[in-house]
Amino acid sequence: MSDKTKTAKTNLGNFFEDFRIGQELRHATPRTVSAGDAAVYMSLYGSRFALSSAATFAQSIGFPHAPLDELLGFHIVFGKTVPDVSLNAIANLGYAACHFGAPIYPGDTVHTVSTVIGLRENSNRQSGVVYVHSIGRNQHGAVVLEWNRWVMVRKRDANAAAPAGDAPKLPAAVSVDQLHVPRGLQLDAYDYVLAGSPHRFGDYRTGEKIDHVDGTTIEEAEHAMATRLYQNTAKVHFNQHSERQGRFGKRLVYGGHIISIARALSFNGLANAFRIAAINAGSHVAPCFAGDTIYAWSEVLDTQPIPARNDLGALRLRTIAAKDHPCADFPHKTDDGKSHAAVVLDLDYWVLMPR
Amino acid sequence: MSDKTKTAKTNLGNFFEDFRIGQELRHATPRTVSAGDAAVYMSLYGSRFALSSAATFAQSIGFPHAPLDELLGFHIVFGKTVPDVSLNAIANLGYAACHFGAPIYPGDTVHTVSTVIGLRENSNRQSGVVYVHSIGRNQHGAVVLEWNRWVMVRKRDANAAAPAGDAPKLPAAVSVDQLHVPRGLQLDAYDYVLAGSPHRFGDYRTGEKIDHVDGTTIEEAEHAMATRLYQNTAKVHFNQHSERQGRFGKRLVYGGHIISIARALSFNGLANAFRIAAINAGSHVAPCFAGDTIYAWSEVLDTQPIPARNDLGALRLRTIAAKDHPCADFPHKTDDGKSHAAVVLDLDYWVLMPR
Amino acid sequence: MSDKTKTAKTNLGNFFEDFRIGQELRHATPRTVSAGDAAVYMSLYGSRFALSSAATFAQSIGFPHAPLDELLGFHIVFGKTVPDVSLNAIANLGYAACHFGAPIYPGDTVHTVSTVIGLRENSNRQSGVVYVHSIGRNQHGAVVLEWNRWVMVRKRDANAAAPAGDAPKLPAAVSVDQLHVPRGLQLDAYDYVLAGSPHRFGDYRTGEKIDHVDGTTIEEAEHAMATRLYQNTAKVHFNQHSERQGRFGKRLVYGGHIISIARALSFNGLANAFRIAAINAGSHVAPCFAGDTIYAWSEVLDTQPIPARNDLGALRLRTIAAKDHPCADFPHKTDDGKSHAAVVLDLDYWVLMPR
């Protein structure tokens with residue numbers, strides 16, 4: 001067997017020089033989601049937001065059933081892009097304009113298509129930044145998620161010509177009038193007691209900071225199970241034998257796992273933030289590992305009524321997750337503008353809340 | 001930001017002086033259960049009781065479908081009370097008169113309401129005992145579970161006046177005529193081979209002791225996943241960073257996890273105890289931690305025919321769980337009446353069994 | 001209580017001298033499988049084969065819904081036999097002629113019956129080899145799985161007379177005309193992009209070797225959760241307290257867990273091997289433990305068209321799993337015919353693939 005035969009059937013992923021502007025990537029392995037996925041997700045994060053927890057609550061505000069947690073949907077739809085986009089990534093650099101569209105229900109089948117919208121070789125010619133716009137749809141073709149993402153991807157051959165392209169213009173934030181409001185939503189019968197908090201839209205002020213108090217420690221089995229549930233194949237999360245010789249000497253926790261932990265912790269203080277509507281920007285400030293304990297706090301960046309609705313508002317939040325550091329002191333940046341040493345996640349997003 | 005602003009949105013739980021006799025607590029986050037919860041539960045305990053394992057078996061004895069394991073239902077319905085009742089608990093002191101009512105089926109939505117039935121300040125004035133009577137209902141309003149529980153809860157302020165109240169009278173045991181028999185139950189076609197044992201009601205004698213033989217070791221990821229599945233938010237189970245400085249230096253395993261392990265182990269010797277009907281009393285004798293191996297044994301405390309049925313009996317059992325100690329010697333009390341050093345759980349309950 | 005009373009209700013399993021040729025064992029605890037089991041399985045292995053992942057994909061090739069992963073079905077159906085056949089096993093010696101029949105769908109209830117087909121006492125008279133032929137059926141009586149297996153089982157009493165019997169003749173392999181093709185299968189609309197690879201039946205050649213590249217590290221919680229999901233009660237997988245004093249000083253990973261990891265890894269190189277049709281032979285060459293990282297590679301042993309179909313072929317594969325050893329060098333046997341030190345699994349099986 002030649003070396004060529006050995007790898008001819010194996011997908012080694014795309015390298016920087018394999019991408020082209022306008023290239024469309026139909027990602028493999030569509031996925032039917034179920035109440036089983038919701039249960040495994042519950043066992044991993046223990047989220048208590050009522051909308052995804054109870055069919056009765058969901059129906060009381062106009063949903064046909066309890067939808068999946070928005071982030072469970074995000075991780076699954078996002079995970080499909082890994083084998084084509086980021087198998088040879090050096091770093092996940094950012095997200096922009098992530099819109100949550102039609103809710104995902106148990107029984108739905110989702111799949112994802114990405115388009116390359118930007119390419120920019122790094123000056124060292126070893127790698128380049130790939131920008132993709134990705135759309136997740138359900139079996140009816142409705143958009144369930146749409147986002148932009150950029151990753152630094154290795155070149156197979158440093159001498160290869162760089163593909164043509166440039167960095168695209170991406171919006172710094174989603175504006176409130178672009179937020180998707182789930183069809184049929186009506187909040188007259190919204191039960192604040194069952195939802196877990198009396199605090200509604202009008203009770204939050206821009207600049208307000210909320211310590212979510214609790215902390216949760218990550219186990220290897222937990223983050224690996226989460227990441228496999230999402231069919232995310234990024235090697236660094238699973239292989240201790242190879243990571244032992246890697247940069248950190250151990251397996252890296254999937255950044256999305258931290259987002260889900262932070263969202264679940266944020267229930268304590270934001271129980272009526274019943275749905276994430278958009279992610280404006282997100283940054284995995286520092287890596288996480290098994291054994292880390294994640295705490296979180298949030299700052300209200302903006303409060304906006306939803307146009308043409310008197311029952312619904314949106315809070316723009318910054319949620320910060322920190323490791324091994326309770327968040328009563330709201331860690332974020334140090335005086336020199338650098339991230340606080342404990343911070344691992346800085347997420348800027350919109351949530352819907354009853355007025 | 002003032003310290004007050006910081007915590008204004010966060011639920012810090014009730015302290016002893018916040019409770020009042022007769023106070024009703026409608027607990028947050030109703031929960032729709034599913035076959036997904038049953039599968040996660042299976043992966044955590046591996047229970048083999050046929051009723052919850054197989055729809056065909058359940059239907060052969062008059063159930064419409066396979067109900068959830070009774071203890072899965074118990075943990076979920078019970079977990080709802082934690083944020084309102086025991087977030088500031090020092091100790092879970094006991095249970096009494098826990099009745100299992102209508103079976104819980106995949107698709108049901110359960111929620112829980114508690115009433116404060118007793119209050120008694122401790123002499124040190126730092127804390128007091130809160131007694132609650134809790135009822136879990138499904139979406140049709142049928143009672144699925146009902147129980148009394150008492151916990152020692154911290155005072156926010158030792159100088160605060162204690163709320164009026166006293167310890168309530170609680171029954172030492174549920175009497176056999178109070179046991180709920182699932183509607184439609186008929187045991188003519190009960191298949192002892194598929195159920196896993198030939199031993200039926202008449203084969204058990206009061207005083208008989210059964211060693212359940214096997215042992216199962218607890219992992220951090222397992223008990224944390226279990227506890228989150230139940231949306232139980234008690235901090236001591238999840239946060240290694242804070243528990244490192246706590247009483248034990250490590251995370252504490254949710255006591256209900258031990259009950260479920262013991263019940264699953266008890267299949268070997270009690271395979272036809274197809275349903276738990278009531279818990280008379282339960283005591284978490286000693287704390288458990290990841291790494292502990294749980295063994296169990298049972299004593300038959302009583303055998304009673306079910307009134308007006310010639311196909312059904314009830315065994316009153318004491319199941320003892322011990323850690324790192326096989327139970328062939330039936331550890332329970334030492335000669336001076338204290339608990340055997342290995343014992344972690346002492347559970348007194350009724351099970352239904354075909355005659 | 002006498003020692004006899006102590007164990008009278010407990011199933012201690014069958015010993016070698018308890019078996020008889022022709023004996024039929026109807027195994028306990030039928031099991032209704034669900035989308036929940038599929039989700040837990042996904043979280044444990046992250047398999048990306050499209051048929052079990054997406055209802056839409058399954059329907060596009062003639063299945064009514066997405067069936068469960070074949071190996072999830074295998075482990076559940078197989079696990080039923082443990083309490084009656086191998087509770088006192090010293091070693092699992094082999095499998096032969098394992099046929100995958102009707103697909104298993106969420107909602108199906110499976111149960112298993114075994115027949116003793118061979119018995120051969122070992123010369124040391126301490127143990128003997130038991131051969132069973134087992135059949136798993138769904139609630140309609142359709143065969144979902146059928147296999148032969150032999151295990152070395154302890155004698156209760158070395159002096160007991162050995163039961164009559166001999167080793168049966170078992171086929172070395174399943175022939176291609178015996179492979180079960182799922183009813184209604186039609187591959188005209190098979191989508192190679194969604195399936196994850198352009199490589200179809202005609203692209204594989206006998207002798208070809210494929211390195212599946214990735215590795216996955218096993219955690220204690222993961223293999224124990226898997227094994228409990230299958231209701232497999234073999235003690236060595238769960239009890240650290242007793243295994244500490246055992247042969248390895250630690251818990252042993254269920255061999256089937258390795259098979260599932262290897263199959264999931266094999267997606268990278270065999271994405272269109274959409275269904276396992278038969279296992280010819282399998283050998284757990286060496287034990288695995290938590291902390292081991294599993295890699296895998298496959299060799300194409302044979303390529304055969306499926307009789308009377310021009311759209312379907314079968315590959316006979318040898319998949320080798322190795323621990324802590326990447327498989328780019330295709331580890332298998334050393335020059336003296338012994339297994340390579342890293343090899344833990346040697347599996348010979350047939351997969352179906354579109355032509």
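**Entry 1. B:V351 and the core**

The model I am reading is a predicted one. I then checked where this valine stands in the nonpolar core. The largest core holds 294 residues, and A:V351, B:V351 and C:V351 touch the most other members of it.

**Entry 2. Chain A as a whole**

I counted the elements of chain A and found 11 helices and 12 strands. The radius of gyration of chain A is 20 Å, close to the 20 Å from the globule rule for 355 residues, so chain A is as compact as a globular protein of that length. I noted the span of its C-alpha trace along the principal axes, about 65 × 45 × 40 Å. Of the 355 residues in chain A, 57% are buried. I also looked at how far apart in sequence the contacts reach. Among contacts in chain A with a separation of 6 or more, 79% join residues 24 or more positions apart.

**Entry 3. Two domains in chain A**

I took the domain assignment of chain A, which gives domain 1 as 15-166 and domain 2 as 195-355. Their centres, taken over C-alpha atoms, are separated by 18 Å. The contact between them takes 28 residues from domain 1 of chain A and 29 residues from domain 2 of chain A. I asked which elements supply at least two residues of the domain 1 side. They are α2, α3 (50-53), α5 (70-79), α6 (82-86) and β3 (89-100) of chain A. The largest share of that side comes from β3(A), with 7 residues. By class, the domain 1 side has 15 nonpolar, 9 polar and 4 charged residues.

**Entry 4. A:V129**

I picked out A:V129, which sits in strand β5 (residues 127-137) of chain A. Is A:V129 buried or exposed? It counts as buried, because it has 20 C-beta neighbours inside 10 Å. Leaving out residues up to four places away in sequence, A:V129 touches A:L93, A:R120, A:W150 and A:M152. I also checked A:V129 against A:K338: the two are 209 residues apart in sequence, and their C-alpha atoms are 23 Å apart.

**Entry 5. How chains A and C are related**

I laid chain A on chain C. The copies use different surfaces, as 17% of the contact residues of chain A recur in chain C.

**Entry 6. The contact of chain A with chain C**

I counted 35 residues from chain A and 42 residues from chain C in this contact. On the chain A side, the elements that give two or more residues are α1 (3-7), β2 (31-32), α2 (35-45), β4 (109-121), α8 (220-229) and α9 (240-243). The largest share, 6 residues, comes from α8(A). By class, I find 11 nonpolar, 16 polar and 8 charged residues on the side of chain A that touches chain C.

**Entry 7. The contact of chain B with chain A**

Next I turned to the contact that takes 35 residues from chain B and 42 residues from chain A. The elements giving two or more residues to the chain B side include α1 (3-7), α2 (35-45) and α8 (220-229) of chain B. The most comes from α8(B), with 6 residues. The residues of the side of chain B that touches chain A divide into 11 nonpolar, 16 polar and 8 charged.

**Entry 8. Two covered helices in chain B**

I looked at α2(B) again for burial. It is mostly covered, with 11 of its 11 residues buried. Among them are B:G36, B:D37, B:Y41 and B:M42. B:G46 follows α2(B), and its phi is positive, near 65 degrees. Helix α5 (residues 70-79) of chain B is also mostly covered, with 10 of its 10 residues buried. The buried residues of α5(B) include B:E70, B:F74, B:H75 and B:F78.

How values were computed
Residues numbered from 1 in each chain as written. Chains lettered and ligands numbered in written order. Predicted model: local features only at pLDDT ≥ 70, side-chain atom pairs only at ≥ 80, totals over all residues. Contact = placed C-beta atoms within 7 Å. Helix = DSSP H or I, 4+ residues; strand = E, 2+ residues; numbered from the N terminus. Nonpolar A, V, L, I, M, F, W, Y, C, P; charged D, E, K, R; others polar. Domains from an automatic or database assignment. Buried ≥ 20, exposed ≤ 12 C-beta atoms within 10 Å, placed from the backbone. Core = buried A, V, L, I, M, F, W, Y, C linked by C-beta atoms within 7 Å. Rg over C-alpha atoms; globule rule 2.2 N^0.38 Å.
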